[in-house]
Amino acid sequence: LSADGRTVVVPRNGSTTLRLSSRNTGNVSWPVGSSSPVRLGTSGPRGRTSASQSSAWLSGARVSTLVAPAAVAPGGSGTFQLPLAGNGRPVGVTTEAFEPVWDGQSWITGNASTFSVVRIDPQYSRLALTVLAPTTGFSLPNAPSGIRTLVIRMRNVGNDPWTLGQEQLGTASAYPLASGWPSSTRTPPLHLNVTRPGATAVYPGEIGEWVIKVGAFKHSPATYATSLRLVGPGGFYGPSLPLSVKVVAASFTYQYVARSGTVSVPRNGAAWTWVDIKNTSNFVWPVGGSMRSTVLASSSPSRSPSWYTALRPGPLSYNRTHPGLSYVRAGEVARFRILLAGNGRAVQSRSESFGMSYDGWRASTFSVSLAYRIV
């Protein structure tokens with residue numbers, strides 16, 4: 001019985017026995033013994049024939065009689081034996097429900113139990129079923145931010161546990177869009193036991209999770225297709241998970257929105273100015289990253305010691321449309337804040353032109369003149 005108290009692991013050619021406790025909340029004592037009419041019955045719907053019926057059951061719809069040292073008076077508790085059998089059925093998950101019944105009288109309501117029965121096959125050291133397949137059939141621009149994170153979940157239905165940090169997914173040949181993978185054919189390893197977070201292994205019946213990334217940066221527009229499978233000591237196993245990503249050409253476009261008015265810069269101090277730009281590209285702009293304001297001259301007399309470099313005042317400051325987001329999507333407005341330093345200059349009025357660049361990739365043609373006066 002897993003930590004959630006509702007998942008039972010059963011060998012497909014074997015059985016697992018649980019004990020269910022029931023408390024008498026009525027006003028009539030429950031008789032016990034082999035002839036007791038108080039029995040555990042199948043539920044959901046009541047009286048159904050169970051796929052997990054064991055040869056130890058009283059019948060296809062009655063599991064066992066109530067067990068207790070003596071009659072169970074109101075407020076007392078007794079137990080039922082609940083053997084669950086795989087019956088040679090395929091590996092997988094089925095739902096089973098049970099509740100007490102006073103045969104010949106009525107169902108004893110208020111104590112129904114529902115379980116997920118996971119059939120595993122101990123004949124195989126490694127075997128898996130898909131719980132959550134990777135998202136597929138999407139598009140990515142070949143820009144630096146053309147990256148997508150995929151989550152994959154598999155249920156272990158074999159005999160051996162999967163160790164976190166070891167079990168991987170793999171491809172039969174190199175996948176060009178592998179991003180941050182240990183190799184072009186192996187994904188980052190299993191990182192989480194979903195059934196029991198914090199556990200260092202995924203045991204039979206439990207669910208493991210892989211988080212992988214695919215990236216389109218600098219790849220030619222085309223559709224890149226592959227399939228992922230689990231990889232163990234004996235090679236590939238488990239279901240094949242298709243993955244298809246369409247890479248499209250990145251369009252680095254923008255629309256000017258607004259700029260600061262003339263700002264006063266202390267001759268021995270500094271002051272902020274700003275410009276707002278709408279993202280009309282087909283990729284997201286990162287806040288606080290490689291999207292940076294640029295000086296559109298050989299140098300700037302307003303350079304502040306806090307600038308990223310002499311020609312890069314700083315990164316994209318924030319999302320004006322949705323403050324707090326770490327990125328700016330197409331159609332949203334971004335703000336660049338630029339700190340201008342007086343640097344001891346004489347009182348004067350002037351302006352400087354600034355642009356923006358996705359450093360490590362390409363510059364844009366954006367240009368804006370920002371006015372200031374030294375005071």
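**Notes on the loops and salt bridges**

1. Let's start at Pro 233, which sits in the loop between strand S18 (222–232) and strand S19 (235–248). Helices (H or I, at least four residues) and strands (E, at least two) are DSSP runs, numbered from the N terminus. Pro 233 is exposed, at a relative accessible area of 76%; buried means under 20% relative accessible area, exposed over 50%, and partly exposed in between (1.4 Å probe, protein chains only).

2. A word on the ground rules. This is a predicted model, where local features need pLDDT of at least 70, side-chain atom pairs count only at pLDDT 80 or more, and totals for chains, interfaces and linings use all residues. Residues are numbered from 1 along each chain as its sequence is written, and side-chain values use heavy atoms, with hydrogens and water left out.

3. On to the charged pairs. Searching the whole structure turns up 13 salt bridges, a salt bridge being a side-chain nitrogen of Lys or Arg within 4 Å of a carboxyl oxygen of Asp or Glu. One of them joins the side chains of Arg 62 and Asp 103 (2.9 Å, N to O). Arg 62 belongs to strand S4 (residues 62–65) and Asp 103 to the loop between strand S6 (92–102) and strand S7 (106–107), so this pair ties together parts that are 41 residues apart in sequence. Arg 62 is buried, with a relative accessible area of 17%, while Asp 103 is partly exposed at 24%.

4. Have a look at Arg 196 and Glu 206 too, whose side chains meet in a salt bridge (2.5 Å, N to O). This pair links distant parts of the chain, 10 residues apart: Arg 196 is in the loop between strand S15 (192–193) and strand S16 (201–202), and Glu 206 is in the loop between S16 and strand S17 (207–215). For Arg 196 the relative accessible area is 28%, which makes it partly exposed; Glu 206 is buried, at 6%.

5. The side chains of Asp 276 and Arg 335 form a salt bridge as well (2.6 Å, N to O). Here the link runs between distant parts of the chain, from Asp 276 in strand S22 (residues 270–279) to Arg 335 in strand S27 (residues 333–341), 59 residues apart. Asp 276 is buried, with a relative accessible area of 3%, and Arg 335 also counts as buried, at 10% relative accessibility.

6. Now some backbone geometry. Check the peptide bond from Gly 44 to Pro 45: it is cis, with omega near 5 degrees. Pro 45 is in the loop between strand S3 (38–43) and S4.

7. Two residues with positive phi deserve a line each. Asn 87 is not a glycine, yet has a positive phi of about 55 degrees. Asn 87 lies in the loop between strand S5 (77–85) and S6 and is partly exposed, at 45% relative accessibility. Lys 218, not a glycine either, has a positive phi of about 70 degrees. You'll find Lys 218 in the loop between S17 and S18, where it counts as exposed at 61% relative accessibility.
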